[in-house]
Amino acid sequence: MSALPRCSACGGWLDERALEGLCPACVTRTTLIEVTAAGQPGAPRPFTAVQPPEEAVSRDPEAGKFGDYHLEVELGRGGMGVVYRARQASLNRVVALKLLPPGPFASEELVVRFRAEAQAAAALQHPHIVRIHEVGQHQGQHYFSMDLIQGRSLAEVGAGSALAPTAAARYVRLAAEAIHYAHGQGVLHRDLKPSNILIAADDTPRITDFGLAKRLSAESDVTLSGQVLGSPGYLSPEQAAGTRGMVGVASDVYGLGAVLYHLLTGVPPFQADNLSELLRAVIEEEPVPVRTRNRAVPRDLETVCLTCLRKQPATRYASAQALAEDLARWEAGRPVRARPTGLAGRLFRWGRRQPVPATAVVTLAVAALPFAGSLGLHRLGVWRLERANEHVYIRVGHDLFRTDPLGRTWQPLPIQGMHVDVSPDGRRLGYVRLGRVYVSRLDGSGERQVAGDAADVRWLDRDTVLYEPTDLTGVWAVDVHTCVRRQLFDWKAITPHGIHGGLSLSPDRSRFAANPQNGFDVPTQDVLVCDLRGSSVGTVWADTPDTTMDACPVWLGGERVVWCRFARPGVDVSETAIVAARVGDTHYETLTEWGDIQYPVAASPDGSRILFVKTFPGDDGHLEFWIMDADGGNARRFLDRTFPRGGLGILGACWWARSPE
Amino acid sequence: MSDTTRPESIREAARGGWFGPTHWTVVLAAGRDEGPDALRAREELCRAYWQPVYCYLRRCGRGVHDAEDLTQGFFAHLLEQNAFAKADPARGRFRSFLLTALRHYAADEQGRARSVKRGHGRPLLSLDHDVVEERFLRDPYPNATGEVLFDQRWATGVLEQALARLRADCQRRHRLEEFEQLKRFLAQEGSAAEYAAVGEVLHRTPAAVRMAACRMRDDFRRRVRAELARLVSSPAEVEEELRHLCVVLTHGS
């Protein structure tokens, strides 16, 4: 009997000839064991094969006894567990006890991660956050205990009818302050919705379920397809789209806006007959304006609400605190800072979310091919880069174009790829397509695959490309002739939670710069610099705690890095600017005005110039390509390009390579 | 057979919305009728169950040829005796009925010899025993009982049939490429990078790919239920069978 292979996901036996090679157990878990979005009309009958928690409880010989707790009354149940009122025997106190279904904890690692996050949530101490007392496990059942709040949730308070605008604004302001506190402690909520905000006896909100349910469902290997989404009507577009790297502070700002929307109108921002349709609407459609549903809502409050619900995270309030402050202004009768989106802006946003395939993604590669002394010329303010034989590579959707820094030519390249890098000898391209690394000649001929499972690629020398696997666990090198590969290092050996994505290699190809994440999928404010063996060399610290930065910094010469910041410190509604910092410094310098989106960014290998792309609300599909000096001076637009029906869509990283010849 | 000449119970079943006439209800209603609907229904039932039956017999110690003959013979026996008519929907699921009938059949030497002879002379179905035999030999759980193996083959078969129908439907709608790219997401939620990678191929945004994968899972789920519905006698049984299928496939043996 020849041995069967094992499924790489669940470890079960896998007959590769049955079920088209899919693992029947994984298909069953992912597709059939489902709990549909609760209460969705027309949804198929909920069905779960995991053991319901109450059965686990009832098996206990002493009915109602659960470890140190005595379960008294079931208070409610949702996708991720059942909540009981319980008495803790040792402390003789009444608590709320949440029992989690056993299904999602398929591996030790998940248990460890869940507990780490639960403990982070347990450390939160804020008057408007439900305090978690204990996180534990009893007879294989995971649970946590928390303050018992005698009162109703906002879902019950606002069920079916709108609240008075002042009451709604006050609840959400207090909740936003609490959320801002949690963000400062490095904890995201991820699942804000009316049922997770309880109203205590003093008529103030208490936020519950911090991060826990979402962490469970998102990381679980028993994917409960409906549960992943919990209450998708309140989910941010970046969560609905599964854009993992984009989930952050702005996603909770969205959640707060969605709660405010519900309180003001009596319904969630999005509703649909089924889950797929709902997700599509969350990602693609604008919510019905608040005042269309309820004319009694003042215009300014509507603007605050819709600012939270903007599709692009960077255009919402920069922090939950900024939202709280704007609500406080409204409550005090002062003008709010949020500005309504005009027709042009709405069109712009629409265009950005309806990109034709050719403009879905723009990344940009700039290759300075044989470089003949342009350094110095630009200092005269004269861009005579045509002598330098430089080329700018631009990816629009799947298609690659080459232009020059004077923008006079526009030449499609006969290859398709995600990330493109030019080999050091300037003769070949390396790129990622369908998660695989390919190399080819500049004209696309001689294409061959050299590695699989890659998210990003860079040439190290004429024979070697470096790539990052899709799980972002480390950096690998592969010989393009033999396809022999080896791992250079694991990011987690350098920074505890790994990085947030992107492979940025210094011009001399000796060091990487990367953006570590904090373990909750949130990029930190740091830029990590390490050598090719993964030895940590240095860190750049950006100095504002309340904003997130773009995923991947770009080298600006050998000692500085440059990136686009997505939030202007101290400003409520996000703006972007290009900033740069020296390795080892704790502050960055702002090189451009704060304003419209200025992204992606690329830097010249000698660190003398920066290239970036501007887009403008209203200029649907219109891109401007700019070059400026490394100190931000001498900014000059060198190319305009308009793409039909599309703006930037999903923004990628960009980079610049050059030939030493 | 036109609709007007169908027995009442078939038309009744057909009125039940998504729960259309099952193979079993058609077979039952048709009795010994040799009409095309009844024949097709019998064949579908046999097709759905012959692999579980074969594997059960092999696990019970039958040799390859013996099991092949017995499989053909068992279905011939069911039809000859009109045993389908003896199954009472009120008394349990068809799968259980079949397994019980199989146990009796395997133990009934005399009856078996008769029907094997008959089945051997006129194979009911053209069955690819080699493939199934190979799968049987590679079974990773050699100590599982015949009943467990029967259930596993049945459950996998239901998924395979649902997937085959999904594939065929995609092909008909000129979406085979989409099917090929997305089917992996039936087994696992994709990562953002995976959705992006598939988006590259399908010329779609990652969000659209994620959505399409979600729709495909919905579609697959419906088809699995539809497959089960063809093999049971009432809508209530579908949920029960689905539950059983999930347990069988996620617990190994």
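Predicted model: local features only at pLDDT ≥ 70, side-chain atom pairs only at ≥ 80, totals over all residues.

Student: How many bridges pair S27(A) and S28(A)?
Tutor: In general, strands of a sheet pair through backbone hydrogen bonds, either parallel or antiparallel. Here S27(A) and S28(A) pair in the antiparallel sense, and the number of bridges is 6.

Student: Which residue of S27(A) is the bridge partner of Trp555(A)?
Tutor: Look at S26(A) and S27(A), which run antiparallel and are joined by 3 bridges. Their hairpin has 3 residues between the strands, and there Gly557(A) has a positive phi near 75°. For Trp555(A), the bridge partner in S27(A) is Val561(A).

Student: Which strands stand at the edges?
Tutor: The 4 strands of this open sheet follow the order S26-S27-S28-S29 in chain A, with antiparallel pairing. An edge strand here has a single partner strand, so one side of it is left without a neighbour in the sheet. That describes S26 (554–556) and S29 (589–590) of chain A.

Student: Is S27(A) mostly covered or uncovered, and how many of its residues are buried?
Tutor: Side chains in a regular strand alternate between the two faces of the sheet. Arg560(A), Val562(A) and Cys564(A) point one way from S27(A), while Val561(A), Trp563(A) and Arg565(A) point the other way, and all are buried. The strand, residues 560–565, is mostly covered, and its buried count is 6 of 6.

Note on methods
Residues numbered from 1 in each chain as written. Chains lettered and ligands numbered in written order. Heavy atoms only, no water. Pairing = 2+ DSSP bridges. Helix = DSSP H or I, 4+ residues; strand = E, 2+ residues; numbered from the N terminus. Buried < 20%, exposed > 50% of the residue type's maximum accessible area, 1.4 Å probe, protein only.
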